Amino acid sequence: MTDLKSLLPDELEEYVLALGEPKFRAKQLFQWLAKGAESFEQMSNLPKGFREKLSADGYVDTLKLLRKQVSAEDGTIKYLWQLHDGNAVETVLMRYKHGNSVCISSQVGCRQGCAFCASAIGGLVRNLTAAEMLGEVMYSEKDSGEKVSNIVIMGIGEPLDNFDNVIRFLRLVNRPEGMNIGMRHISLSTCGIIERFEDLAREDMQMTLAVSLHAPDDETRSRLMPANRGRGVARLIDACQDYYKRTGRRVTFEYAMINEVNDSPVQAKQLASAAKRVGAHVNLIPLNHVEERQFQPTTPERMKDFCRVLDKAGVNYTIRRKLGGDVDASCGQLRRSRELEERRQE
Ligand code: SAH
C-alpha cells in the first residue's frame, strides 16, 4: 500500500500518471490531503473511477486522539495520538503572543539515551513517517480549531536519526498549496548527530537548528548524553560553526539547567565561550523532573549566578518560560505515563 500523504507533489503526479489519470488530478489530491481529508469518498471533485483506483493501492494516514490534557495555567494542550499500528506519540500545542507553536515528535521512542530524558527510557521503537509528522500538526490544528504558525521538532525522538522522513515532512509542511508554514518558523532540535549537519546544510532550508548542548565540557556532556561519546564538544562546536558558514543561520544552544551537574560558574564561562564562537543564542531550560531520573532542576540562586556569568560575557540568552507544567508537558512524559498505567493494569 502507498502512503499517499507522505508523497511530495511531484511524486503524487508520477503516481497519478501511472494510474492513467491526467496530471492535474495530483494537485487536487494533494489539496485534499493537505486539508486533512481522511477518506477518498470525501474528495468530492475527484471522479469515482479515480477514487476507486486510488483506494486499490493507496491509503490516507490518520491519527486517532488517545488522550488530551489542557493546562489550566496557560492553555497549553498536550495530545497523545495513536498511530495506525497502535503505537503512540505526543504533540504539544503552546500558545504565545506571536501565535501557536506545536512541538512534534519525530520517532516512537529514541535510541540516544540521554540520562535526564523520559523519551529514552524505552529505547527506539520506530521512525515516524512524513505523513505522521504532518498529521501531528494537522490534527492539532483541527482539534484546537486554531492555526499553527510555528513548529519545533523537539518532541520524542532524534530527528537526525530519521533524516529522510524529517526532510520530507519539512518540504510537505512548507508547500504553499499545503500547510504553508515558513521555514523560518520551524526549528529542529538535535542531540548533536554531527555527521548529518552537512547534509542538513545542503538542503538549504531556512529553519533554525537547535543543538541540545546541556554541558560545555566532555566529562559532563558524555555522562548526560551518550551521543557525546566518540564525538566530543569541540567537534560539535566546529560543526555548528560550519553550519552557520554554509547557511548563514545561527544555531541555538539548548541548555537544561540541572542542579549541581551543569550549572557551575565555570561551566557558564565555558558555555559563554562556545556560544560566542559560533554566535549561538542560548536557551536556558528549567529541567523538568522525570520520575525515573535522579536529576533535579537548578535552584534559583544557582540560576542567578549562572546568568550573571553569561551577562558579563555578553551572551545572547533567554530563559525558557515553562508552559504546561501541570500537564506532563515535557518530552515523552505523557506517552510514558500511559505505558506505566498499562503496566499497572496488566
Ligand atoms: N532529540 C532531540 C529532540 C528531542 S528532545 C534533541 O536531543 O534535541 C527536545 C529537548 O528537550 C532537548 O533539548 C532535550 O535535551 C530536552 N529535554 C529532554 N528531557 C528533558 C527534561 N527532563 N527537562 C528539560 N529538557 C529536557
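Tutor: Glu-260 is exposed, because its relative accessible area of 59% is over the 50% cut-off. Bear in mind that this is a predicted model. Glu-260 sits in the loop between strand S12 (252–257) and helix H9 (265–278). Its phi is positive, about 55°, although Glu-260 is not a glycine. Most residues other than glycine have a negative phi.

Asp-204 is another such case: its phi is near 55°, a positive value in a residue other than glycine. The place of Asp-204 is in the loop between H6 and S11. Asp-204 counts as exposed because its relative accessible area, 52%, is over 50%.

Glu-203 forms a salt bridge with Arg-171, and the closest N and O atoms are 2.8 Å apart. Arg-171 lies in helix H5 (residues 163–174), while Glu-203 lies in the loop between helix H6 (197–202) and strand S11 (208–212). The pair therefore links distant parts of the chain, 32 residues apart.

The structure holds 23 salt bridges. Which parts does the pair Lys-142 and Glu-38 tie together? Lys-142 lies in helix H4 (residues 130–144), and Glu-38 lies in the loop between helix H2 (24–35) and helix H3 (48–57), so the pair joins parts that are 104 residues apart in sequence. Their side chains meet at 3.9 Å, N to O. That distance counts as a salt bridge because the cut-off is 4 Å. Lys-142 has a relative accessible area of 45%, so Lys-142 is partly exposed. Glu-38, at 37%, is partly exposed as well.

Glu-177 and Arg-175 form a further salt bridge, with the closest N and O atoms 3.1 Å apart. Glu-177 has 27% relative accessibility and so counts as partly exposed. Arg-175 is partly exposed too, at 30% relative accessibility. Salt bridges also join into a network, which links Arg-196, Glu-198, Asp-199, Arg-202 and Arg-246.

Next, a polar contact at a buried position. Gln-107 is found in strand S7 (residues 107–109). Its relative accessibility is 1%, under the 20% cut-off, so Gln-107 counts as buried. The side chain of Gln-107 makes a polar contact with the side chain of Asn-127, at 2.8 Å.

What about the cysteines? The structure holds 0 disulfides. Cys-110 is in no disulfide, and the nearest cysteine sulfur, that of Cys-191, is 6.6 Å away. Cys-110 has 11% relative accessibility, which means it counts as buried. Cys-103 is likewise buried, at 12% relative accessibility.

Cys-191 also brings us to the ligand. One of its backbone N or O atoms lies 3.4 Å from an oxygen atom of the ligand. A polar side-chain atom of Ser-189 lies 2.6 Å from a ligand oxygen atom. Asn-288 uses its backbone: a polar backbone atom there is 2.8 Å from a nitrogen atom of the ligand. How much of the ligand does the protein bury? Taken alone, the ligand exposes 530 Å², and the protein buries 95% of that.

The ligand is surrounded by 17 residues. The closest are Gly-157, Ser-189, Ser-212, His-214 and Asn-288. The residues of this shell divide into 8 nonpolar, 7 polar and 2 charged.

Back to the starting point. Glu-260 has a positive phi of about 55°, and Glu-260 is exposed at 59%. Asp-204 has a positive phi near 55° and is exposed at 52%.

Key. Residues are numbered from 1 along each chain as its sequence is written. This is a predicted model: local features need pLDDT of at least 70, side-chain atom pairs count only at pLDDT 80 or more; totals for chains, interfaces and linings use all residues. Side-chain values use heavy atoms; hydrogens and water are left out. A disulfide is a pair of cysteine sulfur atoms within 2.5 Å. Buried means under 20% relative accessible area, exposed over 50%, partly exposed in between (1.4 Å probe, protein chains only). Helices (H or I, at least four residues) and strands (E, at least two) are DSSP runs, numbered from the N terminus. A residue is near a molecule or strand if one of its heavy atoms lies within 4 Å of it. A polar contact is a pair of N or O atoms within 3.5 Å; within protein, one must be able to donate a hydrogen and the other to accept it, and residues adjacent in sequence count only if both atoms are side-chain atoms. Accessible areas come from the Shrake-Rupley method with a 1.4 Å probe; for residues, only the protein chains shown count as cover. Ala, Val, Leu, Ile, Met, Phe, Trp, Tyr, Cys and Pro count as nonpolar, Asp, Glu, Lys and Arg as charged, and the others, Gly among them, as polar.
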